[in-house]
Amino acid sequence: MRSLRLQLAVFWALLIAVCLLLGVVLLGLYRLSPAMQMKVGRARVEQACEQLAQRYAQSAPPAPVLQTDLARVLLQLVLTEAPYVEGGVWSRAGGMLGYAYPTYEGAGVKTDVPPAERPLLEQLARQAVDTGRAQTQQVRGSRELLIVAACPLNVGGASAWTMTRTQLGAVAAEGGLRAGIAALVAAIVFSGLWLGWLLYRGQARLRRLEGALAAAPADAMPRLPRTGLDELDRIVASYNGFAGRFEEARAAAREAQAQRSRDMRLAALGRMSSAVAHEIRNPIAAMRLKAENALAGDPATQGRALQTIVGQIDRLDAVVQSLLALVQPLDLKPRPVDLPAWLDERLAAAGAGAASRQVRLVLTEGAPDRAVFDPMHLARAVDNLLDNAVRHARSPGGQVRISARHDADRGQLVLTVSDDGEGVPEALRSRLFEPFGTGRADGTGLGLALAREVAFAHGGELRHEPGAPGARFILEMPWQTC
């Protein structure tokens with residue numbers, strides 16, 4: 001049992017079971033106590049007296065006078081079965097006519113009516129004869145309780161009487177046992193209420209801690225309030241200490257990540273500066289060489305040199321434009337777009353290059369009817385992906401495939417551009433999306449970097465997956481409907 005609640009509930013049930021068991025034991029002791037013996041003694045006295053009257057009525061022949069011998073015999077028979085009970089027969093005419101105490105535990109046989117109790121016995125016997133009903137009386141002494149019963153024999157003004165004695169400590173014992181049982185019941189009720197209150201209070205404190213944790217931001221560890229319970233507060237203090245250390249460690253990690261990002265940017269800037277210098281130096285060197293040759297040559301040579309210089313200037317302008325597009329922040333203006341028509345426009349824009357290389361462009365069916373994004377910036381990214389795929393597809397007879405789908409489970413718009421060429425070389429994959437990270441001699445390596453920046457600006461990403469054959473570029477961004 002790992003649940004504290006279940007353990008406390010089981011403990012509560014065991015406590016109640018133990019208390020109930022003790023109650024049963026006390027009840028059994030009470031039944032064996034002098035108080036119970038007093039009640040049993042009274043019942044025994046009254047029962048013995050009634051049996052004397054009944055058996056005499058059953059055994060005596062019809063006669064107007066008391067059969068004394070029969071009454072004495074019945075006294076011995078009945079009282080033999082009634083421990084600690086003595087009795088006799090009394091008549092209005094003859095007084096005490098018989099006495100018996102067969103269960104007397106003294107040294108001899110007791111045959112005489114106790115003189116101290118004789119007036120009470122005669123009085124009670126006379127009342128039984130006068131009223132015609134059984135009479136019972138208890139006389140409390142200093143150390144014992146006397147119980148006397150008398151029953152009319154309905155013949156000759158006679159009656160039978162019985163008597164027994166019980167120690168007065170029985171009354172005190174009865175009161176003590178009742179007080180003990182009452183205290184036990186009170187203890188059971190109090191312990192149950194107390195344990196229930198503890199359970200309720202503990203659960204309320206746990207619910208407050210659960211609420212504090214549930215209300216905390218997803219990226220933060222909250223400081224939990226104290227509960228007022230020492231055991232829980234030690235756990236809360238340990239958690240709060242850990243939360244403080246965790247926040248310090250996370251702040252240090254963020255600072256380290258920021259520093260790493262700055263270092264990576266500086267390293268990338270260094271690599272990009274070197275690549276930019278290389279990209280600019282080569283056209284400048286070519287233009288310088290053409291210009292020097294043109295100055296030393298004839299007019300026809302000068303014309304061809306000027307055309308070459310203009311081509312190199314166009315190349316430099318493309319590099320500068322791509323760099324500006326890469327480093328300048330993107331001002332997105334998302335809006336609902338007719339996605340199938342927009343995809344057709346992308347295929348039309350790449351159609352001339354694909355036709356020159358005899359590559360077939362294929363649009364996979366199943367694109368959503370509408371989606372929300374910036375059509376101009378995303379068009380630049382997809383156009384770069386299509387241009388890159390056309391250049392690397394198998395030529396002639398190759399194929400470039402573009403698809404768009406809504407990933408409802410992840411809430412993403414997924415655009416995929418794939419080709420059937422040789423794929424991206426293993427050595428180039430680690431720097432595939434870096435500026436000037438290209439494997440073509442005539443490429444700038446800025447198209448994929450720019451496409452990825454567009455994906456990032458939309459809250460998504462661009463990744464590469466090796467195809468079989470070829471390469472596959474997957475652009476994902478959050479799905480929006482308005």
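**Close-up views of a predicted model**

**View 1. Helix α10 over the sheet.** Helix α10, residues 447-457, lies across β11 and β12. Its direction runs at about 130° to that of β11. The coordinates come from a predicted model.

**View 2. The five-stranded sheet.** Five strands make up an open sheet of mixed pairing, ordered β7-β9-β10-β12-β11. At the edges are β7 (359-363) and β11 (461-466), each of which pairs on one side only. On average, neighbouring strands of the sheet are turned by 15° against each other, direction ignored.

**View 3. The β10-β12 pair and helix α9.** Strands β10 (residues 412-419) and β12 (residues 471-478) run antiparallel and are joined by seven bridges. Leu 415 has Leu 475 in β12 as its bridge partner. Helix α9 (residues 375-392) packs on the sheet and touches β7, β9 (398-407), β10, β11 and β12. The direction of α9 makes about 25° with that of β10.

**View 4. The largest nonpolar core.** This core has 38 residues, and Trp 342, Phe 373, Leu 378 and Phe 473 are those with the most contacts inside it. At least two residues each are supplied by α8 (339-356), β8 (370-373), α9, β9, β10, α10 and β12. The most come from α9, which gives eight.

**View 5. Surroundings of Leu 378.** Leaving aside residues up to four places away in sequence, Leu 378 touches Trp 342, Phe 373, Leu 415, Val 454, His 458, Leu 475 and Met 477.

Methods: Residues numbered from 1 in each chain as written. Predicted model: local features only at pLDDT ≥ 70, side-chain atom pairs only at ≥ 80, totals over all residues. Heavy atoms only, no water. Pairing = 2+ DSSP bridges. Helix = DSSP H or I, 4+ residues; strand = E, 2+ residues; numbered from the N terminus. Axes fitted to C-alpha atoms, helices over the stretch in contact; angles between N-to-C directions. Contact = heavy atoms within 4.5 Å. Core = buried A, V, L, I, M, F, W, Y, C linked by side-chain atoms within 4.5 Å. Buried < 20%, exposed > 50% of the residue type's maximum accessible area, 1.4 Å probe, protein only.
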